[in-house]
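Reader: I am new to this structure and would like to go through it slowly, asking for the grounds behind each description. Could we begin once it is in view?

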Amino acid sequence: MPSIFDPFDLGPIRLKNRIVMAPMERSRARNGDWVPQADTARYFAQRAGAAFIVTGSIAISEWARTWAFEPGLYTRTQIEAWRHVTGEVHDHGGVIFGQLRHGGRASHVSHQPHRQATVSSRDVGATKAISMAFDADGKPAFLLQSKPRALLTDEVPIIVGEFAQAARNALEGGFDGVEIHAANGYLHDQFMNGALNTRNDRYGGSIDNRIRFTLETVDAVIDAIGRERTGIRLSPFGRFNEMPAFEDEAETYLRLAGELAKRNIAYVHVSDQTRWADDVSIPSNYLRDFRKVSQRPLILSGGYLETNGQAAIDNDEADLIAVGKPFLANPDLVERLRNGWPLNEWDTETFYTQGPEGYIDYPFYQDRPAS
Ligand SMILES: Cc1cc2nc3c(=O)[nH]c(=O)nc-3n(C[C@H](O)[C@H](O)[C@H](O)COP(=O)(O)O)c2cc1C
């Protein structure tokens with residue numbers, strides 16, 4: 001049985017262990033160009049001991065923007081800025097994938113060019129879900145998501161093209177690959193969800209139609225940068241951002257898994273939301289079946305650490321485990337887990353704030369003050 005600390009071959013990339021840093025948006029691109037800065041390079045370089053790093057969500061275009069101060073990958077300045085980040089991670093022996101996102105309705109008009117409407121599969125908005133956005137005075141605030149308009153049929157391929165371009169930009173920016181964010185209630189999820197997406201064009205209705213946008217995105221990204229550099233994040237049975245339950249949910253994701261198997265991409269990352277929300281549960285054995293059908297390396301995340309992560313690997317549910325909040329608070333997480341050293345606690349107050357505090361000042365175990 002492989003150990004979570006053993007190397008893993010992700011296509012051509014040899015990973016030094018099986019503990020991935022989960023994607024976490026940290027709102028640190030605090031400039032009008034939405035570029036990552038030196039502190040972001042430092043933050044990720046400190047965490048280069050991960051099997052590989054998945055960045056927090058990166059906007060693929062201006063209208064994809066979802067969260068205040070999220071970085072982008074659609075301008076020359078952004079590409080250049082990312083080169084510094086990826087360069088520093090590589091200098092520290094790390095591997096880094098960029099997570100590409102279009103938030104769809106999970107956004108706010110203050111993120112949109114000219115405050116234009118946000119978009120989704122339908123003109124149905126969330127009622128309680130929030131976006132970190134900008135208030136009437138231009139100050140960052142947690143605001144209710146705006147009501148979207150439905151995307152026109154011929155706008156969908158435009159977004160597919162923007163994903164492909166952002167993937168090309170990612171490679172130019174020095175990334176080792178990209179993760180298409182099709183999880184957690186963002187635009188792709190808004191298309192796959194059968195209760196939300198009742199469109200009557202080629203992108204709505206049947207399972208094949210609802211997964212079409214996701215598969216077109218995967219195909220376009222593969223064409224742009226190659227299958228071995230293309231990963232995807234999904235959240236079957238996820239309810240975050242007010243995704244409603246729907247009848248053929250299990251079947252929808254199994255159909256998608258089968259299509260991903262044919263495409264032979266680098267990995268499938270499952271965001272398991274059962275530990276963040278009361279109303280989420282993944283049927284028993286579902287992940288095992290899903291992994292069997294997808295035939296791709298499966299990353300599992302959501303409340304996992306070395307013990308339950310190893311159990312998921314032993315149980316054929318996962319190949320790799322992605323860790324979020326504990327990685328945020330422990331730059332040397334893998335070393336701490338390997339040695340049984342205690343972990344720093346994370347501070348939720350500084351998840352989305354400014355400056356080094358709660359970002360690059362979590363201590364390494366070796367640097368702790370002598371007691
Ligand atoms: C501050 C913060 C930001 C997050 N941002 C993202 C994101 O940008 N993309 C994403 O797919 N998930 C995001 N997540 C979800 C995490 O990737 C992960 O699935 C979740 O935290 C559960 O894993 P954990 O229990 O190991 O933290 C975020 C979570 C946190 C705490």
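Author: This is a predicted model, and a place to begin is glycine 226, which follows helix H6 and has a positive phi, near 100°.

Reader: Why is isoleucine 225 called buried?

Author: Isoleucine 225, which lies in H6, has 20 C-beta neighbours inside 10 Å, and because a residue is buried if 20 or more other C-beta atoms lie within that distance, isoleucine 225 counts as buried. Leaving out residues up to four places away in sequence, isoleucine 225 touches Ala167, Arg168, Leu171, Val178 and Thr230. One of these, leucine 171, is 54 residues away along the chain, yet the two C-alpha atoms are separated by 7.4 Å.

Reader: What makes H6 as a whole count as mostly covered?

Author: Of the 14 residues in H6, 10 are buried, among them Phe213, Leu215, Val218, Val221 and Ala224. The elements that cover these buried residues include helix H3, strand E10, strand E11 and helix H7.

Reader: How do you describe the way H3 and H6 pack?

Author: Two packed helices are described by the angle between their axes and the distance between the axes. For H3 (residues 156-172) and H6 (residues 212-225), the angle is about 35° and the axes are 8 Å apart, and the crossing in which H3 passes H6 is right-handed. On the H3 side the residues in contact include Val160, Phe163, Ala167 and Leu171, while on the H6 side they include Phe213, Ala220, Val221 and Ile225. Sorted by class, this contact has 11 nonpolar, 2 polar and 3 charged residues.

Reader: Which element gives the largest share of the largest nonpolar core?

Author: That core has 93 residues, and those with the most contacts inside it include Phe163, Ala167 and Val221; its largest share, 8 residues, comes from H3.

Reader: How do you know that the span of helix H2 agrees with its number of residues?

Author: The 16 residues of H2 (residues 76-91) should span 22 Å at 1.5 Å a residue, and because the end C-alpha atoms are 23 Å apart, the two values agree. Among the buried residues of H2 are Ile79, Trp82 and Val85, and the buried residues of this helix pack against helix H1, strand E4, strand E5 and H3.

Terms used: Residues numbered from 1 in each chain as written. Predicted model: local features only at pLDDT ≥ 70, side-chain atom pairs only at ≥ 80, totals over all residues. Axes fitted to C-alpha atoms, helices over the stretch in contact; angles between N-to-C directions. Helix = DSSP H or I, 4+ residues; strand = E, 2+ residues; numbered from the N terminus. Left-handed = near helix turned anticlockwise from the far one by under 90°. Contact = placed C-beta atoms within 7 Å. Nonpolar A, V, L, I, M, F, W, Y, C, P; charged D, E, K, R; others polar. Expected span 1.5 Å × (residues − 1). Buried ≥ 20, exposed ≤ 12 C-beta atoms within 10 Å, placed from the backbone. Core = buried A, V, L, I, M, F, W, Y, C linked by C-beta atoms within 7 Å.
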